[in-house]
Amino acid sequence: KGNSLDNLPASFRNLNKLEHLSIETNKFKELPDELSLLKKLRILKIRENQIHSLPEFREGFTALSMLYIDDINLSSDWQKYKVYTNLKKAKESPSIVYHLDLSVQFTLPRPLDFSSFTELKTLNLSYCDLKEFPMSIMTLTHLEYLHLGRNNFLSVPAEIAQLSHLK
């Protein structure tokens with residue numbers, strides 16, 4: 001964290017037991033393909049980099065459950081985020097993202113569609129310059145924590161009470 005890294009060494013792919021990786025606050029312009037080879041990676045933090053789009057990984061990320069992609073100015077198609085929900089059903093169990101931090105994303109495509117994040121427990125949309133409450137949040141029936149601070153919508157729908165797991 002907090003270096004001037006813009007790539008990872010090729011030998012990085014040999015860290016087959018790595019579970020938590022933080023490459024936040026660096027100078028990455030794209031995610032290294034080697035990351036998809038880290039089969040035990042559960043937590044990936046790539047916030048505060050110069051990344052403008054996420055790749056569509058074809059393999060890997062079977063264990064990923066926490067993805068922090070806030071403050072990286074993503075401008076790519078929303079479909080690329082959906083890659084991280086099912087990431088790859090290559091093994092017996094698919095990867096499921098439980099915690100998604102999209103805060104400080106002023107360029108998120110609208111409308112936001114969270115319907116494929118079926119098991120999401122934490123969603124952070126703070127500082128996203130949202131003008132309206134994203135109604136697709138209502139499909140997140142397992143959601144426990146919802147962070148919506150510093151946006152520009154005037155109301156939250158009454159149906160929010162249907163998200164019975166919110167704390």
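Reader: Hi! Is Ser136 buried or exposed?

Author: Ser136 counts as buried, because its relative accessibility is 14% and buried means under 20% relative accessible area, with exposed over 50% and partly exposed in between (1.4 Å probe, protein chains only). Keep in mind that this is a predicted model, where local features need pLDDT of at least 70, side-chain atom pairs count only at pLDDT 80 or more, and totals for chains, interfaces and linings use all residues. Residues are numbered from 1 along each chain as its sequence is written, and side-chain values use heavy atoms, leaving out hydrogens and water.

Reader: Thanks! Where is Ser136 found, and what does it touch?

Author: Ser136 is in the loop between E5 and E6. Leaving aside residues up to four places away in sequence, Ser136 touches Leu112, Asp113 and Phe114, a contact being heavy atoms within 4.5 Å.

Reader: And what are the elements of the protein, from the N terminus on?

Author: They run β-β-β-α-β-β-β, which comes to one helix and six strands. Helices (H or I, at least four residues) and strands (E, at least two) are DSSP runs, numbered from the N terminus.

Reader: Nice. In what order do the strands form the sheet?

Author: The order is E1-E2-E3-E4-E5-E6, in an open sheet with parallel pairing. Two strands pair if DSSP finds at least two bridges between them. Strand E1 (20-22) and E6 stand at the edges with a single partner strand each, so one side of each has no neighbour in the sheet.

Reader: How many bridges do E4 and E5 pair over?

Author: Three bridges, in the parallel sense, with E4 covering residues 99-101. Asp101 stands opposite Asn124 in E5.

Reader: Changing topic: how many aromatic pairs does the structure hold?

Author: One. Phe133 and Phe153 form an edge-to-face pair, 6.0 Å centre to centre with 90° between the planes. Rings of Phe, Tyr and Trp (its six-membered ring) pair if their centres lie within 6.5 Å; planes under 30 degrees apart count as stacked, over 60 as edge-to-face and the rest as tilted.

Reader: Which parts does the pair tie together?

Author: Phe133 lies in the loop between strand E5 (122-124) and strand E6 (145-147), and Phe153 in the segment after E6, so the pair ties together parts that are 20 residues apart in sequence. Both Phe133 and Phe153 are buried.

Reader: Last one: what share of the protein do buried residues make up?

Author: Buried residues make up 45% of the 167 residues.
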